[in-house]
Amino acid sequence: MRLVTFTAADGASRVGALDGADRVVDLAHALADLLGPAEAGGAQPFIPPDMIALLRRGDAGMDDARRALCHSRETGAGALAVDAVRLRSPLPRPTSIRDFMLVEEHVLGSFSEVPAAWYDIPVYWKGNPDAVFGPDDPIRWPVYTTKLDFELELAAVIGRPARAVGVDEAQSY
């Protein structure tokens, strides 16, 4: 499932899923259609309008998202044409950004030689969570430079809270 954050025609930010190349599913709408009127008593599954809030729901949130996507595939509920929405960054404002220096050639571009400690401890710096852009967002050219450094960046979302996790346990997170 490819989760997305998107803005629809009404300007509201929503959590969805890409379904093929031409369709985005509004997961909250699809789940509401599946569940029908809320039953009295008991917590109802839900899809929050914010991706971080969905991720914080953990397995229950992902299960609800999968149920909503399956329901939409069967009924069309919540389906929108991808060109009718504005895709944003999946996490428009992450809680943390860590940029790791993992490629030896990149290290050599910053240092005259690779420090021995680099092979033992990954070097990283904190990024600016306010400097995240989606696929259709304009990126303003800073006035203080004549050259931009374009790089491929990859994000990893850790599935549950973690601290000092050993290598043998890492995959389960």
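This is a predicted model: local features need pLDDT of at least 70, side-chain atom pairs count only at pLDDT 80 or more; totals for chains, interfaces and linings use all residues.

Reader: What radius of gyration does the protein have, beside that of a compact globule?

Author: The radius is taken over C-alpha atoms, and the globule rule is 2.2 Å times the number of residues to the power 0.38. For 173 residues a compact globule would have a radius near 16 Å, whereas the protein has 20 Å. The C-alpha trace spans about 65 × 45 × 25 Å along its principal axes.

Reader: What share of the residues is buried?

Author: Buried means under 20% relative accessible area, exposed over 50%, and partly exposed in between (1.4 Å probe, protein chains only). Buried residues make up 26% of the 173 residues in the protein.

Reader: How many salt bridges does the structure hold?

Author: A salt bridge is a side-chain nitrogen of Lys or Arg within 4 Å of a carboxyl oxygen of Asp or Glu. The structure holds 9 salt bridges. One of them joins aspartate 10 and arginine 14, with the closest N and O atoms 2.6 Å apart. Aspartate 10 is exposed at 53% relative accessibility, whereas arginine 14 is partly exposed at 21%. Asp10, Arg14 and Asp26 are linked in a network of salt bridges.

Reader: Which parts of the chain does the pair of arginine 73 and aspartate 19 link?

Author: In this salt bridge the closest N and O atoms are 2.8 Å apart. The pair links distant parts of the chain, 54 residues apart: arginine 73 is in helix 3 (residues 58-75), and aspartate 19 is in the loop between strand 2 and strand 3 (23-26). Arginine 73 is exposed, with a relative accessible area of 52%, but aspartate 19 is buried at 14%.

Reader: Where in the chain do aspartate 137 and arginine 86 lie?

Author: Their side chains meet in a salt bridge of 2.1 Å, N to O. Aspartate 137 lies in the loop between strand 7 and helix 5 and arginine 86 in strand 5 (residues 86-87), 51 residues apart. Aspartate 137 is buried, with a relative accessible area of 19%, and arginine 86 is partly exposed at 38%.

Reader: Is alanine 8 buried or exposed, and what does alanine 8 touch?

Author: Alanine 8 is counted as buried because its relative accessible area is 16%. Alanine 8 lies in the loop between strand 1 (2-7) and strand 2 (13-18). A contact means heavy atoms within 4.5 Å; not counting residues up to four places away in sequence, alanine 8 touches Arg14 and Val85.

Reader: What is the phi of alanine 164?

Author: Alanine 164 has a positive phi of about 50°, although it is not a glycine. Alanine 164 is in the loop between strand 7 (123-126) and helix 5 (167-170), and is exposed, with a relative accessible area of 80%.

Note on methods
Residues are numbered from 1 along each chain as its sequence is written. Side-chain values use heavy atoms; hydrogens and water are left out. Helices (H or I, at least four residues) and strands (E, at least two) are DSSP runs, numbered from the N terminus.
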